[in-house]
Amino acid sequence: MKNYDYNSPASFEELFAILAKNDSSKSEIKFLAGGTDLVPKISLEREQVPKAGEKGLNVVYLGKLGLDSVTENDKEVRIGALCTFTDIENNEIVKKSVPVLLEVIKEIAGITVRNSATLGGNIMNASPAADSVPVLIALDAKFVLKGPGGEKTVAAAEFFTGPGKTAADVSEVLAEIVIPKQPGTAVFRKIGRRKAETLSVVNAAAYVEADGNTVKTVRVAIGSVAPVVVRCKAVEQALAGKAPTADAVKAASEAVLGEISPIDDIRSTAWYRNKVAPVLVRRAIEAALGM
């Protein structure tokens with residue numbers, strides 16, 4: 001059986017001391033939040049015969065670090081990475097200032113999973129199909145990381161580097177998600193193999209500001225069509241400054257095909273994703289414009 005260790009630090013100082021003592025040649029660090037993804041993986045690994053030279057696992061629980069609050073000021077909303085989806089769904093600040101997150105949460109798994117799963121865990125899992133990520137990119141969110149060397153902030157659109165990979169160092173913890181307060185409208189849309197409790201075949205989010213005659217600002221992100229969630233800059237450039245007409249939105253949405261590289265997998269085919277992607281982007285933008 002693979003060697004497992006478990007730690008539950010009560011402060012960041014204790015956390016960083018644990019990380020400093022860990023021998024990376026013998027043991028891999030895994031941060032535990034809600035555990036809805038990590039715990040099943042560990043359970044599966046424990047049933048397998050370890051390979052020669054395979055590293056052990058040092059599981060570090062983050063639940064005692066105080067990363068489970070939601071705060072706001074005049075400019076932004078700050079969500080602790082250890083807030084569960086249920087916490088966020090019931091939070092009055094989120095309901096008032098970032099209501100699109102409620103749309104997303106209703107599309108993520110079921111109630112029992114949402115009671116444990118955290119926003120930070122969904123982000124750090126770095127799945128190309130993660131439902132929370134397109135919305136956070138469209139909202140121009142930023143992620144605050146804490147490590148032994150201090151804090152750093154990374155834009156959501158630049159944070160993901162590949163499936164399961166992020167810009168965070170092995171010793172850095174996602175502490176907060178910072179979402180700017182903005183006057184526009186954000187919308188999330190998703191297609192899955194079922195109507196509920198299903199992973200995305202394709203998902204998309206759009207944020208739009210318009211003055212009636214002109215689209216002033218537009219940000220669009222799409223997931224499950226590339227190694228990472230994609231910010232659709234070609235779509236944004238095609239629509240920004242244009243009149244918010246159905247023809248303009250449709251033409252801009254088609255530009256997404258030059259930005260994605262879908263694959264065949266257990267949930268769908270590349271062909272279908274290419275067909276659906278511009279439709280879903282168009283629907284999200286139209287909804288954000290109130291069309």
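This is a predicted model: local features need pLDDT of at least 70, side-chain atom pairs count only at pLDDT 80 or more; totals for chains, interfaces and linings use all residues.
I begin with helix α11. What covers the buried residues of α11 includes α10 (233-239) and α12 (270-289). Contact here means heavy atoms within 4.5 Å. Helices are DSSP runs of H or I with at least four residues, strands are runs of E with at least two, and both are numbered from the N terminus.

Residues are numbered from 1 along each chain as its sequence is written, and side-chain values use heavy atoms, with hydrogens and water left out.

Which residues of α11 are buried? In this helix, which spans residues 246-254, they are A248, V249, A252 and S253. They lie on the same side of α11, because they cover an arc of only 130° around the axis. That arc is taken from the directions from the helix axis to the C-beta atoms. On the other side of α11, D247 and A251 are exposed. The terms are defined as follows: buried is under 20% relative accessible area, exposed is over 50%, and partly exposed is in between, with a 1.4 Å probe and protein chains only.

A238 belongs to helix α10. With a relative accessible area of 27%, A238 is partly exposed.

The loop between α11 and α12 contains S268. S268 has a relative accessible area of 12% and is therefore buried. Leaving aside residues up to four places away in sequence, S268 touches V201, I263 and R273.

I turn now to the sheets. Strands of a sheet pair through backbone hydrogen bonds, either parallel or antiparallel. For this analysis, two strands pair if DSSP finds at least two bridges between them.

An open sheet of three strands shows parallel pairing in the order β1-β3-β2. Its edge strands are β1 (4-7) and β2 (27-32), each of which pairs on one side only. On average, neighbouring strands of this sheet are turned by 20° against each other, direction ignored. The parallel strands β1 and β3 (residues 56-61) are joined by four bridges, and Y6 stands opposite V59 in β3. Which helix lies across these strands? Helix α2, residues 38-46, lies across β1, β2 and β3 and runs at about 145° to β2. Axes are lines fitted to C-alpha atoms, for helices over the stretch in contact, and angles run from 0 to 180 degrees between N-to-C directions.

Strand β6 (residues 142-147) takes part in antiparallel pairing. With strand β7 (residues 150-155), β6 forms six bridges in the antiparallel sense. A hairpin through two residues joins β6 to β7, and K146 stands opposite E151 in β7. With strand β10 (residues 173-180), β6 also pairs in the antiparallel sense, over five bridges; here F143 stands opposite I177 in β10.

How many aromatic pairs does the structure hold? There are four. Rings of Phe, Tyr and Trp (its six-membered ring) pair if their centres lie within 6.5 Å; planes under 30 degrees apart count as stacked, over 60 as edge-to-face and the rest as tilted.

One of the pairs is F12 with F16, tilted, at 5.9 Å centre to centre and 40° between the planes. Both residues lie in helix α1 (residues 12-21), four residues apart, about one turn of the helix. F12 and F16 are both buried. Another pair, F143 with F160, is edge-to-face, at 6.2 Å centre to centre and 80° between the planes. F143 lies in strand β6 and F160 in strand β8 (residues 160-162), so this pair ties together parts that are 17 residues apart in sequence. F143 and F160 are both buried. Ring pairs also link F143, F159 and F160 into a cluster.

I close with the cysteines. If a disulfide is a pair of cysteine sulfur atoms within 2.5 Å, the count comes to zero. C83 is buried at a relative accessible area of 1%, and C232 counts as buried at 0%.
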